[in-house]
Amino acid sequence: MFLDQLKQDYAITLKSVTQSTRQQIARNVCQIKAELAESFYEVMLSHKEASQYLDNQVVQTRLKGSLQTWLTKLFDPNVGEEDLDNTIQTQLHIGEVHGRINIPVHLVSRGGRVLKQEYLNRHSPSIEDFNFFSQLIDTALEIMSIAYHKNSERNSREEEAYRLFSITQNIGREKEFQRAALLDWENELLYSYAEADGKNKVMRITQSEFGLWFRHKGLHAFEGAPECSQVLEQMENIDNNLLPTLEGDARPTIKHIRELRAALKNVLYCVDSLFQRSEELEAGKDVLTRLLNRKFLPAVMSKQLEMARRRGEKYAALIIDVDHFKKINDTYGHDNGDRVLQQLAVLLTNTTRSGDYTFRLGGEEFMVLLVDVDEKRAQMLAEKIRAAVFKESFQLLDGQTIDVTVSIGISVYSGHPDYQYDLTRADEALFKAKQSGRNRAVLATG
Ligand SMILES: Nc1nc2c(ncn2[C@@H]2O[C@H](COP(=O)(O)OP(=O)(O)OP(=O)(O)O)[C@@H](O)[C@H]2O)c(=O)[nH]1
């Protein structure tokens, strides 16, 4: 309904000036569009809140250009009433992107204000001209804000659903797994000190299997629980205060070891109580593979993106597609096809770390989100997955085994504020992997 009203207003605005005035305004905009983009992003980047969302390099290489394209299209004098549905769709799409990357609406409005001010300063337009310019900018921003609100409402519902889901996905197994990971780390640590007289530097707990899981998944799953900050504090205490006392030439004293064990016991106690808080909840899993369902993608990706932005920890998306899966279905039947997908899901879970995420995107397409990696490591892990699938004997219902291969497209966080941008790059890389013969992993470039 709002949109119908906006469409009518838009049409009235277009007719409010003559065609030659529209052409003149379009020329004006074209002449100064680079300066408009410059001022827009200068203000955005100097604004504390806005600069959190925007990476300087991406602004230079991409966003300034996109803003200029948007202005050119918005003021294109050939856009008539019959094109308005398209124009509106474009603005809705931009609003959705803003919602996805959490740019607050008031900042976008601020951007609009900057554009108008800049246009006024540079062209000293007539009232009629300036009114037209303002009306189009305001209407476009109004349409964007409709999509923004819809999208952010959906995001918060999905985030809540994901939070519930992630704490309850195989909760018993997860609990035992994380307890074991923590105790393994402790054993390794003590063993290494006993053996090497403290000369070895041991992996920090925050970087351990448990630490990665807790920081990337546990914190999100148990969000708001008081034990979360206690676990974080204890881990920092261990890494920054306790471990250094055990390293170096001096032999660790029994007092140091006791302190470390007490801190670890505390972490274990908190973890147990976090798990106790949660209840089993089955909804939301992919029925066939029990992996994360596609609908949790926005919640997970937004969280990782925020972490990447705040802490500089990159992540990678691996889009994994079974090669010639149709042939497997056609040759051995759909049930055997299902069985292959289930075995692949288990293999993916086993070849990744517990801090990583594994999704079934749909059909025979999966996605692994690797946390805390760079290009080199992402490529190595993708290759590890590819090789593991290649080596695996997939078992069919009648006991016979078949070989299966996968193609993988890899993209590493590029700094772009919209996670969809990097997912599309991974998709394009997957396409290349298929084109160049399948059974390979290709890293997206550019
Ligand atoms: N058994 C089973 N098959 C599925 C499922 N979802 C999708 N499919 C089938 O997966 C097949 C995918 O085939 P295509 O998209 O042609 O791809 P492909 O044969 O794997 O070929 P490439 O990807 O190009 O290597 C289709 O035949 C779908 O019917 C599912 O849940 N179970």
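How many nonpolar, polar and charged residues does the shell around the ligand have? By class, the shell has four nonpolar, five polar and eight charged residues. Here Ala, Val, Leu, Ile, Met, Phe, Trp, Tyr, Cys and Pro count as nonpolar, Asp, Glu, Lys and Arg as charged, and the others, Gly among them, as polar.

## Model and overall make-up

This is a predicted model, in which local features need pLDDT of at least 70 and side-chain atom pairs count only at pLDDT 80 or more, while totals for chains, interfaces and linings use all residues. Residues are numbered from 1 along each chain as its sequence is written.

The protein has 16 helices and eight strands. These elements are DSSP runs numbered from the N terminus, with helices being H or I of at least four residues and strands being E of at least two. Of the 446 residues, 34% count as buried. A residue is buried if 20 or more other C-beta atoms lie within 10 Å of its own, exposed if 12 or fewer, and partly exposed in between, with C-beta atoms placed from the backbone. Among contacts between residues at least 6 apart in sequence, 76% join residues at least 24 apart; two residues are in contact if their C-beta atoms, placed from the backbone, lie within 7 Å.

## Ligand surroundings

Of the 17 residues around the ligand, those that come nearest are D323, F325, K326, G337 and G363. A residue is near a molecule or strand if its C-beta atom, placed from the backbone, lies within 6 Å of it. Two or more residues of the shell are given by each of β2 (316-322), α13 (325-332) and α14 (334-351).

## The sheet and strand β4

Six strands, in the order β1-β3-β4-β2-β7-β8, form an open sheet with mixed pairing. Its edge strands, β1 (292-293) and β8 (441-443), each pair on one side only. Two strands pair if DSSP finds at least two bridges between them.

Strand β4 (residues 365-370) is largely enclosed by the rest of the structure, because five of its six residues are buried. β2 and β4 run antiparallel and are joined by six bridges. In this pairing A316 stands opposite L370, and L318 has V368 as its bridge partner. Strand β3 (residues 357-362) also pairs with β4 in the antiparallel sense, over five bridges, and F359 has M367 as its bridge partner in β4. The hairpin of β3 and β4 has two residues between the strands, and G363 in this hairpin takes a positive phi near 50 degrees. G363 is also one of the residues that come nearest to the ligand.

A nonpolar core is a set of buried Ala, Val, Leu, Ile, Met, Phe, Trp, Tyr and Cys residues joined through C-beta atoms within 7 Å. The largest has 52 residues, and L318, L370, I408 and I410 have the most contacts inside it. Helix α12 gives the most to this core, with seven residues. Another core, of 26 residues, lies apart from it and has I25, V29, F75 and F133 among its members. Leaving out residues up to four places away in sequence, L318 touches M367, V368, L370, A382, I385, I408 and I410.

Helix α12 (residues 297-311) has 15 residues and reaches 21 Å from its first C-alpha to its last, close to the expected 21 Å. The expected span is 1.5 Å times one less than the number of residues. Its buried residues are L297, A299, V300, M301, K303, Q304, L305, M307 and A308. G312, with a positive phi near 70 degrees, follows α12.

## L36 in helix α2

L36 is found in helix α2 (residues 19-46). L36 counts as buried because it has 21 C-beta neighbours inside 10 Å. Beyond residues up to four places away in sequence, L36 touches L71, L115, E118 and Y119. The C-alpha atoms of L36 and K64 are separated by 9.2 Å, with the two residues 28 apart along the chain.

Most residues other than glycine have a negative phi. S124 is not a glycine, yet has a positive phi of about 40 degrees. S124 is found in the loop between α6 (105-123) and α7 (127-168), and counts as exposed because it has 9 C-beta neighbours inside 10 Å.

N439 is another residue other than glycine with a positive phi, near 50 degrees. N439 is found in the loop between α16 (419-435) and β8. With 18 C-beta neighbours inside 10 Å, N439 counts as partly exposed.
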